Every structure is written in C-alpha cells, then in structure tokens.
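User: Hi! I have a structure open and would like to talk through it with you. Could you take me around?

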Amino acid sequence: MSNTCKEEIYAILEKLLNQGKNIILYDVEDFLFLYKFIEHCKKLNIDIEVWVNGGKFSKLSFVRSLSNEDFSIIKNLYYLYEFNDKFTMITNDKKYASIFNFVEQGILDENEVIEAILYKIG
Amino acid sequence: MEKKYYEEMKQNIMELIEGNKLLNKRVYIFGHCSASLEMIDFLETFGIRVVAILDNSESKQGKEYKNVPVMAPKRIKDELDSNVLVLIISRFYEAMHKQLRELDYKGEIRKIIDYNSFAEYSMAKDTISRMTIREKHGEELMLKLSKKYPGFFFTFCPFNALGDVYFAMLYWDKFAQIRKIDNVVFCVSSPNLAEVIHLFGDYAVEVYEQKELDAIIQANLYTRNANSFIAHHDRPYVLNLSKALFIRKISLEDIYCSGVYGLPINTTPTKPMSEGKVYENIDAIPRGKAVIFSPYAKSVVAIDLKIWEDAVDYYTNMGYKCYTNVVLGEKPLVGTEAISPSILELRSVVERAGIFIGIRSGLCDVIREAKAKKIVLYPDYYYCDTTWKVIDIYWIKQFEYNIVAKGDIKWENL
C-alpha cells in the first residue's frame, strides 16, 4: 500500500467511476460493520468497491486498501465538493446528521442501515 | 421543489421547447417524485402531454397523476415510436441513465436539474480549481465570522426552508445541553429564517446569500471544524440520512430529533418562547370570525384550485371574512382579501381570525402552536422517491385536521 501522488489516485478514482463502478469511502472505526456491509454487497452482487484506510482488510473482496495519505487525499476531495454521485462516504462524523444516529436510538438496526446505504446503488 | 430548482427546470424545458426538441416527441419522465409532478404541470401549460412516468417502485406503478400513468421502467421497451425522449429531474440521474441503457433504450435522455451547488460532477482540473477557490472563500468568511463571535459555536441551516429551520430549533436546546454548547450563532440564508430562530430565543443569527452560505458550509466540512454543526436532514451531500426513508417511515420531526441531533425519539421538543409580534392591523380582522388561507408553497405541488374555492365559498356563506396569506406578487384567492403578516406576526393573525387552512408548508410549522382551529391540506403524492406519502412524513399533531386534498372536502364536517 504505497502512497500514490494526488494526480495518480484521482486518475484511478476517475477511471473506476467512468467505468460505472460505485465507490464507498469507509471512514468508520467499526470493522464488524464493514464485514456485514461487504457480505451484503456480495449477496446483492453490487458492482462496488469499498475503500478503507489501512491494509488490514486488503484480502476481503470488494475492498481496496489505501495508504493513510491516499485515504486523506480522497477524503479531502470529497469534502471539497461532490464530484460524482457514484462516490459516497460512510462516516459517523458528529458535525452533521448521520444515519448511524438511528441505530444508536434504536430506530434502525445495522442491517437496515446497510440496506438503506446500498439502496439504488448498482 | 425549491424555487431556484423550479426556475432551472423552467429554463431547461423552455430551451427544449424553443429548440424544437420536444416537437413530435413522446415524452416520458423517469422517477416519480414531487419535482416530476411539477414538471408535468409545467409541460401541460405548453400543451405537452407526458406519456408516462417510469418508476422502479412497485407500489407506485399503476397509479396516475392527471391521467399520466406510472409504470415500470422496462415498459420503455414497448415503445415502438423512435421519437422518444426521457426527462430525468431526479437526483439519481446517473443511475437512471444507466438503467435505461441497460434496458437497451437507445433514445434521448435529458437531465433537467443539476441539484446543488455542492455537486459538480466532474474531476477536471479546472473544476477542482474552482471548488478549491470556493472553499478558500468559505474559509475567509469563516475567519470573519469567528472574529465577530469569538468562542462561539456555529450552526448552519443550509436550506432556505421555514419548516426545516423550525424543526432544527425544536431540538436545539436539548442538543446544546448534551454537547455543552453555551454560545451559538446560527447561519441562515434569509431574514425570514432569522425570524423563525428568534421565536425560540434571542440567538445570534447571521444571514448570508445562498452561495456564500454554501461556501462557508463547504469550508467547515473541508477543515473539519469541530466547533460547528450542520442542522439539516438532507444537506449537504455527505449525509446518508434520508436513505433511511427507503427502509422505514420516519416523520420529519423524528428525523430531526434522532437523525440530525442523535436524541432519543421521545425527547420533548422545545416550544417557541415567543408568540411573536402582534400584527399592526390586527383590529381589522374580525375576532373569531375570519379564516386565513395559505394556498401557496414554493416547494409543494399545488392543490386543485376548486378545493380552495369551495372552502372560501363555504366559510363566506357562514359569515366568515376570508383572507389569503400572500407574498411577492401572489394573488389572493377570489373572494378573499390579501394579507401579508411577517413570520413573527403570523401567529397573532391566526389566533385573531380563529381558523387557518393551509397547504402543508413550513409556514404551518411556524403557527402550529397557535390557539385556533387549524386545518392542513396535503397534495396526494409521495415524499421524494420513497413509498411514503407526504402526509406520512409531514403530519402535524398540533393541527386538528391533516387532510389529503383530493376529491371534495366536506367543510361542514370539520
């Protein structure tokens, strides 16, 4: 997982998006949820890549591991503007609303959150 | 549909008409939502009939809007005429475009609205450069704001909607207690929204032009400012919150309580501290013998004029003086007098009159605590592209009557 320069990682991302791939940047410290998410993607056979920070899950299907720097580059780009509606981020940032709040308050369970996030994707 | 999107829709449709792009075409719309219905209404004014609305939701298929049927997208393959045009006004343009092509539809597809200034679907260098400039401008604005309000917490209401801001304020206090926020400044895009905030207390409020507000919000996202919060259920794009509605029916108020603020679902909302101001011409309104009608809302499909006319006739015959709440060039309903109280004066007007009948809009939230008989009418359509009706999401328990406006309403029974 070497660092890639900004232009290179943008080019990789753009190529995948132009090919019709859905990309999710996974920015949550809950890797059990990630496993469930991947299982759900497999079941639905969705054309998706989940980009994670670090190499721990590089052997999981659908997952692409990024270096810390590359992950930051993409996250910064997404926070700069919405550059493609096939790219989204899963985050539980407390600076705005979150679908995970519904889980914490018992309105949805995790499987329903996954179903919601993947709705109309693929 | 928000006014600016409505204007964009009109402009794009007019360009198609003027360029003869709709001439002799069989027009379909992909995606059944309120924006699609408004587009049908607009096309109708030019004598353009939509053949069908395509929608993936089975619960919507088979329904109709003004005799325009809703059908499954695969039905486009039954279309024998080569002169077909599919219009897409939904946010999910890319996915819908792909689906049509995968159905082997080779005809023309047009995107009618580009949804928000945060979205610019390109990774070209000049786009990134422009967005960077915008973000830097947002940082400059944020710096000025921070200097004006040192030590304050910043809360952004990104969308120009009375109801959204009202909901944001209902649960602000409880949220602020948990987060230990003492001093806050709210940033909004119009003076009317500032008035809504002031119903709940003497808060600091800054009003920005929409583009400036978008820039400052973007800067807060980009810099991960921990001293800020975006108090909205659907803006900006980083949220996945609204997707929950594809799975579960959740009222908008609960969305704000639990989804936006992370509070337990049974949290008691804060009521407005102030009843507002007294309308300056209040004495002209017959006490308890008047009706305030509110038939207009910028982001809502219009209700059949006959429903309003019948209501005006009924109450006039019963001896009530009828008024229409109007702003900026709106015309009062026939047989009523125009009245234009400010946001802060609305409650006094409604309570003086005794009866309020309005289309479901943010204005209804502003007067929901008013001591009067209150009736709210809902257009009969779905909330965005969910399977829930608008009345399911926007129901107001403080109103005596929440009614889907279709067919005849028996006003004498209310």
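User: Which residue in S16(B) is the bridge partner of Leu377(B)?
Analyst: The partner is Ile403(B). Before we go on, this is a predicted model, where local features need pLDDT of at least 70, side-chain atom pairs count only at pLDDT 80 or more, and totals for chains, interfaces and linings use all residues. Residues are numbered from 1 along each chain as its sequence is written, chains are lettered from A and ligands numbered from 1 in the order in which they are written, and side-chain values use heavy atoms, with hydrogens and water left out.

User: Thanks! How many bridges join S15(B) to S16(B)?
Analyst: Four, and the two strands run parallel. S15(B) covers residues 373–378. Strands here are DSSP runs of E with at least two residues, helices are runs of H or I with at least four, and both are numbered from the N terminus. Two strands pair if DSSP finds at least two bridges between them.

User: What is the strand order in the sheet they belong to?
Analyst: Chain B has an open sheet of six strands there, ordered S13-S12-S11-S14-S15-S16, with parallel pairing. S13(B) (337–339) and S16(B) (401–404) are the edge strands; each has a single partner, so one side of each is left without a neighbour in the sheet. On average, neighbouring strands are turned by 25 degrees against each other, direction ignored.

User: And which strands does helix H10(B) lie across?
Analyst: H10(B), residues 305–317, lies across S11, S12, S14 and S15 of chain B, at about 170 degrees to S11(B). H11(B), residues 343–353, lies across S11, S12, S13 and S14 of chain B, at about 120 degrees to S14(B). For these angles, axes are lines fitted to C-alpha atoms, for helices over the stretch in contact, and the values run from 0 to 180 degrees between N-to-C directions.

User: Back to Leu377(B). What is it in contact with, leaving aside neighbours within four places in sequence?
Analyst: Its contacts (heavy atoms within 4.5 Å) include Ile303(B), Ile307(B), Trp308(B), Ile359(B), Ile403(B) and Trp411(B). Leu377(B) and Trp172(B) touch the most other members of the largest nonpolar core, which has 182 residues. Such a core is a set of buried Ala, Val, Leu, Ile, Met, Phe, Trp, Tyr and Cys residues joined through side-chain atoms within 4.5 Å. Buried means under 20% relative accessible area, exposed over 50% and partly exposed in between, with a 1.4 Å probe and protein chains only. A second, separate core of 15 residues includes Leu54(B), Ile76(B), Tyr93(B) and Tyr105(B).

User: Nice. What about the sheet with four strands?
Analyst: That open sheet in chain B has the order S9-S8-S7-S10, with parallel pairing. S9(B) (204–207) and S10(B) (228–230) stand at the edges, each with a single partner, so one side of each is left without a neighbour in the sheet. S7(B) (153–156) and S8(B) (184–188) pair over four bridges, and Phe154(B) stands opposite Val185(B) in S8(B). H7(B), residues 191–198, packs on this sheet, touching S8 and S9 of chain B.

User: Switching to H9(B): how many of its residues are buried?
Analyst: Eight of the nine residues in H9(B) (252–260) are buried; among them are Leu252(B), Glu253(B) and Tyr256(B). The buried residues pack against H4 of chain A together with H5, S10 and H13 of chain B. Just after H9(B), Gly262(B) takes a positive phi of about 70 degrees.

User: How do H5(B) and H9(B) cross?
Analyst: Their axes come within 9 Å and cross at roughly 45 degrees. The two helices are therefore oblique to each other; under 35 degrees would count as roughly parallel, over 145 as roughly antiparallel, 65 to 115 as roughly perpendicular, and the rest as oblique.

User: Last one: is Glu115(A) buried or partly exposed?
Analyst: Glu115(A) counts as partly exposed, at 40% relative accessibility. It sits in H5(A), residues 110–117. Leaving aside its neighbours within four places in sequence, Glu115(A) is in contact with His40(A) and Ile247(B).
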